[in-house]
Amino acid sequence: MTGVDSATNGSAAAGRVAQLNPAAIAVYAFVAILAAGIVFGAFMTPGFLTINNFSAILTSAAFVGIIAVGSTLIMLSGSLFSISLGTTTAVTAILFMFMLHSGVAAAAAVTLLAGTAIFAIQGALVGLIGANPIIVTIGAGAIQEGVIGWLSPGDITPPPGAGIDFLARTIFGLPFSVYVFLGLALVLDLCMRHTRFGLELYLLGENQPAAHAAGLPVALLTTAAFAVAGFCVAVAGVLIAGFAQNVNLQVAGTYTFDAIAAILVGGSAVTGGWGSVGRTVIGALIIATITDMLLLVGASTGMQIFVKGLIVTVVVVLLHLARRERRSP
Amino acid sequence: MSARDDTSARRTPASRRVRTSMPYVLLAIMFAALFIFPLFAGRRASAFNVYDALQLWSAYGLVALGVGLTMIVGEFDFGVLGVFALCPMIAVKLGEINLFLGLGAALGLAAVVGFLEGAIVAKLRVHSMPVTLGFYIALLGANLAIGNSQSVSFSNLNVGFALDARLAIFSGRSIIALIVFALVFVVMRFTRVGRDIRAVGGDRRASRMVGVAVDRVLIGVFITSAVCSALGGVLLAYSFATALSNPGLYPLQFAVTAAILGGVSLVGGVGGAVGIAAGALSLSLLQELFSLLAAPTYLSSLITGVLLVIATFVAAPNLSAWWRSLRSPRPGAVAVASAVPEPASK
């Protein structure tokens, strides 16, 4: 099975070939239980089946989702994930707020450029010299925290009359960020399926030596995957800045692991080459739905995070088993 | 992250010597820096500062030992962050009833977590990063749920006093950590287990072929990793008489940096307890230097990050190939030819 095949027809092929083995049955069983749980919970949880609540779910999925769809490209290209997603989100939010005095458009442009560049540099390190992405991104995160601590102590608030209200505006009942999330996801998903760049990324993630041998520009592709992720992180940073009244490094919060969890729950392979941006959207929505449900029944924050971790672990193990069976029947 | 190429075989002896001596050179530099730099600021480092650095070392150094061991065996353990958060909470909560009950429950829980992680990674051959990441998130959630999203204080202050009592440059805490490091060193150096650990990290498939009990080694390493990190966290919590609701990412940042500076490679098969101890101590001395100079905290993140990126360069598998490709007339071809293909076993 080639990279392109598995990329474009991955889920369909998996379904057909793997139908008979126990691991695949376990995956379907888990998906069925999860779906049943959500449907059951939907009817049992007071206040779940309301328009307002669906809007709340989409809203809470949006920020994490924007970060996650971009980072999906890193994972699909075989470079695992970035551990500094949250930090760069905070850094870009701070930068945007700081640059607002020179106009919204200029601030947004500079921020998006900065986010893209910060990640592209890390991607270049990973792609050119084969540096480990986990270590590079941990290091880059520490450097960014240091630089921000040095340049901007404390909170940053927008200047009066900054004109960033539109970032937090609601259009047809949904916040602006939801449209950005779905739009970015659509563009990236189409890009991964139908452009040469996307297919090459899939091949790189599926089999790096083969990608090398085929003469693909491995370093450039890795850099580009990181750059796209950085762009998305910066988009999230701008939107978060528009939402919040003041920003600081604490904005980073749990975005890093929430975004990675969304990708993993979506079912993309952590080693790359298999999965899709669309899956990440589903993963982000699943996590947001379950978190929302737990919130409505009054579960603590800790409980919500605990369940999230459990789901990530179970999904990763089950999907791995299903894929392994498919590879060696 | 299963079978991997052996980069050490391709490296020239000179660069290998540099790499193996790097942790100790760095440690010497940090020691010198701690005693020289403050002089310019009109301050003077004393034995107390070394004691203080060792206090830090005893908490985060043990995490570094855990993460480092999993890196040597060719895996990675995000779960250490989880046990570092949850186990101190258990130790403090149950420690109110009985100190040894708390300690035993905390370390027992860590062993169970390590066993589960190791079993999943070894038996089901799942990539360790996403699995341990899931464990980390779940354990952190459990910690927040138990502690009600708040730090919990420990009423038995005497334990902390006893652990922190100063003996020259050591304390009870740093002596316990030292003993753990020594135990791991002895096992790694003088028993078959140590050889097996490095073999599994170097070439897992070959290790299986020649009869190394790969699964048992992996499970053992994950248990050790979790127990070491938990011990570091519990000692810190008893010492501060507080279990934190969320210790954040700092322990992992410290641990990975210390392990890498200590000569551990993420490729697997390289490194040992002494190197990790040296790497962790270098970082601890650096922190102590900063606090002695009353330097702002951002400086220490900045330097940690820069050190990590530099270490990445040193540890990068394709660095020499890339360098050669820059100087060769046909860049692409050389880079391709010299990059040893990693078997696509996922």
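Student: What makes B:A168 count as exposed?

Tutor: A residue is called buried if 20 or more other C-beta atoms, placed from the backbone, lie within 10 Å of its own, exposed if there are 12 or fewer, and partly exposed in between. B:A168 has 8 C-beta neighbours inside 10 Å, and therefore counts as exposed. This is a predicted model, in which local features need pLDDT of at least 70 and side-chain atom pairs count only at pLDDT 80 or more, while totals for chains, interfaces and linings use all residues. Residues are numbered from 1 along each chain as its sequence is written, and chains are lettered from A and ligands numbered from 1 in the order in which they are written.

Student: Where does B:A168 lie, and what is the value of its phi?

Tutor: B:A168 sits in the loop between β2 (166-167) and β3 (170-171) of chain B, the strands being DSSP runs of E of at least two residues and the helices runs of H or I of at least four, numbered from the N terminus. Its phi is near 55 degrees, a positive value in a residue other than glycine. Most residues other than glycine have a negative phi.

Student: Which places do A:L80 and B:V50 have, and why is each of them called buried?

Tutor: A:L80 is in the loop between α3 (51-76) and α4 of chain A, and its phi too is positive, near 55 degrees. A:L80 has 22 other C-beta atoms within 10 Å and is therefore buried. B:V50, by contrast, belongs to helix α3 of chain B, and with 22 other C-beta atoms within 10 Å it is buried as well. The C-alpha atom of B:V50 is separated by 33 Å from that of B:L139, which is 89 residues away along the chain.

Student: Why are α7(A) and α10(A) called roughly antiparallel?

Tutor: Angles under 35 degrees count as roughly parallel, over 145 as roughly antiparallel, 65 to 115 as roughly perpendicular, and the rest as oblique. The angle runs from 0 to 180 degrees between N-to-C directions, with axes that are lines fitted to C-alpha atoms over the stretch in contact. Helix α7 (residues 176-194) and helix α10 (residues 218-243) of chain A pack at about 170 degrees, with axes 11 Å apart, and they are therefore roughly antiparallel to each other. Residues A:S177, A:V180 and A:L184 of α7(A) meet A:C232, A:V235 and A:L239 of α10(A), where contact means that the C-beta atoms, placed from the backbone, lie within 7 Å.

Student: What makes α8(B) roughly antiparallel to α11(B), and which residues make the contact?

Tutor: Helix α8 (residues 172-190) and helix α11 (residues 214-240) of chain B pack at about 175 degrees, with their axes 11 Å apart, and that angle makes α8(B) roughly antiparallel to α11(B). The contact consists of B:R173, B:I176 and B:V180 from α8(B), together with B:C228, B:L231, B:L235 and B:S239 from α11(B). By class these are 5 nonpolar, 1 polar and 1 charged, with Ala, Val, Leu, Ile, Met, Phe, Trp, Tyr, Cys and Pro counted as nonpolar, Asp, Glu, Lys and Arg as charged, and the others, Gly among them, as polar.

Student: How do you know that α4(A) is mostly covered, and how does its span compare with the expected one?

Tutor: Of the 15 residues of α4(A), 13 are buried. Helix α4 (residues 85-99) of chain A reaches 21 Å from its first C-alpha to its last, close to the 21 Å expected at 1.5 Å a residue, the expected span being 1.5 Å times one less than the number of residues.

Student: Why is chain A called as compact as a globular protein of its length?

Tutor: Chain A comes to 13 helices and 2 strands. Its radius of gyration is 20 Å, close to the 20 Å that the globule rule gives for 329 residues, so it is as compact as a globular protein of that length. The radius is taken over C-alpha atoms, and the rule is 2.2 Å times the number of residues to the power 0.38. Buried residues make up 57% of chain A.

Student: How many residues of chain B are in contact with chain A, and how do they divide by class?

Tutor: There are 50 such residues of chain B, in contact with 49 residues of chain A. Helix α6(B) gives the largest share of this side of chain B, 15 residues. The side divides into 35 nonpolar, 13 polar and 2 charged residues.

Notes: Two residues are in contact if their C-beta atoms, placed from the backbone, lie within 7 Å.
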